[in-house]
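These notes are for a colleague opening the model for the first time. Please read them with the structure in view.

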Amino acid sequence: MAFTFFFRDAQTLDLAIDHFLPFIQSRRTITIWSAGCAMGQEPYTFAILLRERMGPNLFRNVKIYATDIDTYNQYVQVIGTGRYPEKDLQRIPPEIFSQYFRTDPADPGYVYISDEIRTSVVFKKHDLLTFEPIRTGVHMIICKNVLLHFSAEERLKVWKMFYDSLEAGGFMLHEHTQKLPEELNDCFTRIVMNAQIFRKI
Ligand SMILES: C[S@@+](CC[C@H](N)C(=O)[O-])C[C@H]1O[C@@H](n2cnc3c(N)ncnc32)[C@H](O)[C@@H]1O
């Protein structure tokens, strides 16, 4: 089972949103790709953070494509229903929990993500090592704690695929330890010093 959790590195996600909001302000659809999304904790966290900042009307324009290799064919079911063990939600601030999750007396020990958030996320099974983008014109790619498992050559091919997939000026996010090689200096620019947040040149 992939290691991850709700609100993991929320500070970086929030920092990316600070820079992202002016970029997407006048767009009718906002397309985000969470690549290597595990069981949906990352895309659902990002959806909640965006919804908090954008409000309900603008948030309707957001579509998050969550993809994973999903080796055991489990993620489509979990992400599709948005059903998680209650103990996985212990780190979530109470006001976020009460607004975006609900319990069902008939299903004790589990919580369900709200329909507003659930319907903003679409899961697709996808192997990054096919180097095939899921779509083009993407405004942000979040790919955290995934590329570290790939070889340097594979990572480079994935970054070229991300480049092709992003709209000009689009954003790309990695975990703190993931650095970009110099070969990509003409493709991406790092926009903050304290996080791995890049924009397509
Ligand atoms: C450690 S989890 C990271 C989850 C989340 N991004 C985070 O940072 O918390 C790594 C995820 O990458 C996925 N993964 C590994 N190889 C992959 C590949 N070739 N294509 C797509 N996803 C892959 C795994 O299935 C797993 O869900």
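Which residues does I141 touch, not counting residues up to four places away in sequence?

1. I141 touches W33, A35, F162, S165, L166 and M172; contact here means C-beta atoms, placed from the backbone, within 7 Å. This is a predicted model, in which local features need pLDDT of at least 70, side-chain atom pairs count only at pLDDT 80 or more, and totals for chains, interfaces and linings use all residues. Residues are numbered from 1 along each chain as its sequence is written.

2. I141 is also among the residues with the most contacts inside the largest nonpolar core, together with I32, A47 and I64. That core has 45 residues, and helix 2 (residues 41–59) gives the largest share, five residues. A nonpolar core is a set of buried Ala, Val, Leu, Ile, Met, Phe, Trp, Tyr and Cys residues joined through C-beta atoms within 7 Å; buried means 20 or more other C-beta atoms within 10 Å of a residue's own.

3. The open sheet has seven strands in the order 6-2-1-7-8-10-9, with mixed pairing. Helices (H or I, at least four residues) and strands (E, at least two) are DSSP runs, numbered from the N terminus; two strands pair if DSSP finds at least two bridges between them. Strand 6 (121–125) and strand 9 (188–190) are at the edges with a single partner strand each, so one side of each has no neighbour in the sheet.

4. Strand 1 (residues 30–35) and strand 7 (residues 138–142) run parallel, joined by three bridges. S34 stands opposite I142 in strand 7.

Key: Buried ≥ 20, exposed ≤ 12 C-beta atoms within 10 Å, placed from the backbone. Contact = placed C-beta atoms within 7 Å.
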